[in-house]
Amino acid sequence: MSFAIAIDGPAAAGKGTISKAVAAHFGFAHLDTGLLYRAVGAKVLDGLDPIEAARSLVAEDLENDALRTADVAQAASRIAVIGEVRAALVDFQRAFARRAGGAVLDGRDIGTVICPDAEAKLFVTASAEVRAARRHAELLGRGAEATLQEVLADVKERDARDAGRAEAPMVAAVDAVLIDTSSMSIEAAVTAAIAAVEAARK
């Protein structure tokens, strides 16, 4: 039996951490769909055509340690507006969502485009300032050099691009449960997410 949980939201809102925790709680498989776009973005930075990069993607490409850099994140956001790239990655995501035993997918268009029939949908968000502070701390922790102002500008730029793109814009599904993590601990956010999924399973 399949049970799909769609978790959407902007960068650094906490959806990745929440998704992993929810998947672990229910014993479901987890897919960070943003990694698919980051992997394609990394291939494009290496010189590949975006559409060719998307069509040639294999599971091993998701294990590249360099996928978490700011350059790859920007490349991913840029190629995510290309319709042919999105189309090449849709089937992979939909098949994952319907795998036996349950699945959690997190991204920006899971509940609206990839899996509109998901049994549970969440939209995890936080203010741009809070998300920038989190991402800045994460970057410093990895030894990267960036000012908080630069990271905030980057976050706002990605938000505008992700929400404003013509194809599959980032938006909460009408039936998604909204979780604003701006002033929540990660433990409280995970508890709220699990409660929302439990309610959907009844």
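Colleague: At roughly what angle do the axes of H2 and H4 cross, and are these helices roughly parallel or roughly perpendicular to each other?

Modeller: In this predicted model, the axes of H2 and H4 come within 7 Å and cross at roughly 100°. Angles of 65 to 115 degrees count as roughly perpendicular, and H2 and H4 are therefore roughly perpendicular to each other.

Colleague: Which residues meet where H2 and H4 are in contact, and how do they divide by class?

Modeller: On the H2 side, the residues are Tyr37, Arg38, Val40, Gly41, Ala42, Val44 and Leu45, and they meet Asp71, Val72, Ala73, Ala75, Ala76 and Ile79 in H4. By class, the residues of this contact of H2 with H4 divide into 10 nonpolar, one polar and two charged.

Colleague: How do the axes of H2 and H5 lie relative to each other, and is their crossing left-handed or right-handed?

Modeller: Helix H2 covers residues 33-45 and helix H5 covers residues 83-97, and their axes come within 11 Å and cross at roughly 140°. That angle makes H2 oblique to H5. The crossing of H2 and H5 is right-handed.

Colleague: Which residues of H2 and H5 meet, and how many of the contact residues are nonpolar?

Modeller: From H2, Thr33, Leu36, Tyr37 and Val40 meet Val85, Arg86, Leu89, Phe92 and Gln93 in H5. Divided by class, the contact of H2 with H5 has two polar residues and one charged residue, while the number of nonpolar residues is six.

Colleague: How many Å separate the C-alpha atoms of Ala39 and Ala128?

Modeller: Ala39 and Ala128 are 89 residues apart along the chain.

Colleague: Where does Val58 lie, and how far apart in space are Val58 and Leu36?

Modeller: Val58 lies in the loop between helix H3 (50-55) and H4, and at 42% relative accessibility Val58 counts as partly exposed. Along the sequence, Val58 and Leu36 are 22 residues apart, whereas in space, C-alpha to C-alpha, they are apart by 9.3 Å.

Colleague: Turning to H4 and H8, are these helices roughly parallel or roughly perpendicular to each other, and is the crossing left-handed or right-handed?

Modeller: The axes of helix H4 (residues 70-79) and helix H8 (residues 148-164) come within 10 Å and cross at roughly 20°. Angles under 35 degrees count as roughly parallel, and H4 and H8 are therefore roughly parallel to each other. The crossing of H4 and H8 is left-handed.

Colleague: Which residues make up the contact of H4 with H8, and how many of them are charged?

Modeller: Ala73, Gln74, Ser77 and Arg78 in H4 meet Asp154, Glu157, Arg158, Arg161 and Asp162 in H8. By class, the contact of H4 with H8 has one nonpolar and two polar residues, and the number of charged residues is six.

Colleague: Where is Asp109 placed, and which side chain does a polar contact join to that of Asp109?

Modeller: Asp109 has its place in the loop between strand E3 (103-107) and helix H6 (110-114), and at 3% relative accessibility Asp109 counts as buried. Apart from residues up to four places away in sequence, Asp109 touches Asp8, Arg86, Ile114 and Ala168. A polar contact of 2.4 Å joins the side chain of Asp109 to that of Arg86.

Colleague: Where is Ala168 found, and what is its phi?

Modeller: Ala168 is found in the loop between H8 and strand E5 (177-180), and at 10% relative accessibility Ala168 counts as buried. Most residues other than glycine have a negative phi. Although Ala168 is not a glycine, its phi is positive, at about 50°.

Colleague: What is the phi of Ala12, and in which loop does Ala12 lie?

Modeller: Ala12 has a positive phi of about 65° although it is not a glycine, and at 16% relative accessibility Ala12 counts as buried. The loop in which Ala12 lies is between strand E1 (4-8) and helix H1 (15-26).

Key
Residues numbered from 1 in each chain as written. Predicted model: local features only at pLDDT ≥ 70, side-chain atom pairs only at ≥ 80, totals over all residues. Heavy atoms only, no water. Axes fitted to C-alpha atoms, helices over the stretch in contact; angles between N-to-C directions. Helix = DSSP H or I, 4+ residues; strand = E, 2+ residues; numbered from the N terminus. Parallel < 35°, antiparallel > 145°, perpendicular 65-115°, else oblique. Left-handed = near helix turned anticlockwise from the far one by under 90°. Contact = heavy atoms within 4.5 Å. Nonpolar A, V, L, I, M, F, W, Y, C, P; charged D, E, K, R; others polar. Buried < 20%, exposed > 50% of the residue type's maximum accessible area, 1.4 Å probe, protein only. Polar contact = N/O pair within 3.5 Å; in protein donor to acceptor, adjacent residues only side chain to side chain.
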